[in-house]
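This report goes through one chain by topic. Please look at the sequence and the structure first.

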Amino acid sequence: MTLTESALFLASLPAQVDITPNDSGLPGIAQLRTIVGAVMTIGLVLAVLALIISAIVWAVGANSSNPHLAGRGKTGVLIACAAAVICGGAVTFVNFFWGVGQSV
């Protein structure tokens, strides 16, 4: 591509693109939101279950003088808490990074 062809190509591009998400672009958006909300709920319930199981493992390991088991329980507690933070804050995280992307 020569310099003249490049200049013509760039001149033919629109000066400004303004595209935003909308609710009417595709059918089924409301159902998709319902499904995503249900998956988030399942994720939070599983995080609570993992927290309970990990706390039990931690307690059994600590009371039986088993440092390996206690360490696994501690790790499970931290991972369960991190999973709950990610599930609970997923919408906020996406909105934050959407805003960052819009300001670039």
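## A charged pair

Asp 23 and Arg 33 are both exposed, where exposed means over 50% relative accessible area, buried under 20%, and partly exposed in between (1.4 Å probe, protein chains only). The side chains of Asp 23 and Arg 33 form a salt bridge, with 2.8 Å from N to O.

A salt bridge here is a side-chain nitrogen of Lys or Arg within 4 Å of a carboxyl oxygen of Asp or Glu. Searching the whole structure gives 1 salt bridge. Side chains of opposite charge can pair when their charged atoms come close.

## Basis of the model

The model is predicted: local features need pLDDT of at least 70, side-chain atom pairs count only at pLDDT 80 or more, and totals for chains, interfaces and linings use all residues. Residues are numbered from 1 along each chain as its sequence is written, and side-chain values use heavy atoms, with hydrogens and water left out.

## The chain as a whole

The chain has 3 helices and 0 strands, in the order α-α-α from the N terminus. Helices (H or I, at least four residues) and strands (E, at least two) are DSSP runs, numbered from the N terminus.

The chain holds 104 residues, and 10% of them count as buried. Its accessible surface is about 8400 Å², with 72% belonging to carbon and sulfur atoms; the areas come from the Shrake-Rupley method with a 1.4 Å probe, and for residues only the protein chains shown count as cover. Of the contacts (heavy atoms within 4.5 Å) between residues at least 6 apart in sequence, 44% join residues at least 24 apart.

## The largest pocket

The largest pocket contains about 210 Å³ of space. Its lining consists of Val 36, Met 40, Ala 90, Val 91, Val 94, Asn 95 and Trp 98. Helix H2 (29-63) and helix H3 (67-103) are the elements that give two or more residues to this lining, and H3 has the largest share, 5 residues. The lining has 6 nonpolar residues, 1 polar residue and no charged residues.

A pocket is an open set of points on a 1 Å grid over the protein atoms alone, where a 1.4 Å probe fits, with protein on both sides within 12 Å along at least five of seven lines; lining residues have an atom within 4 Å of a point. Grid points are joined across faces, edges and corners, and a volume is the space filled by probe spheres set on the points. Ala, Val, Leu, Ile, Met, Phe, Trp, Tyr, Cys and Pro count as nonpolar, Asp, Glu, Lys and Arg as charged, and the others, Gly among them, as polar.

Ser 54 sits in helix H2 and counts as buried, at 12% relative accessibility. Apart from neighbours within four places in sequence, Ser 54 contacts Gly 73, Gly 76 and Val 77. Ala 55, also in helix H2, is partly exposed at 36%.

Ser 65 lies in the loop between H2 and H3 and is exposed, at 69% relative accessibility. Ser 65 is not a glycine, yet has a positive phi of about 55°. Most residues other than glycine have a negative phi. His 68, in helix H3, is exposed at 54%. From His 68 to Trp 58, 10 residues apart along the chain, the C-alpha separation is 9.5 Å.
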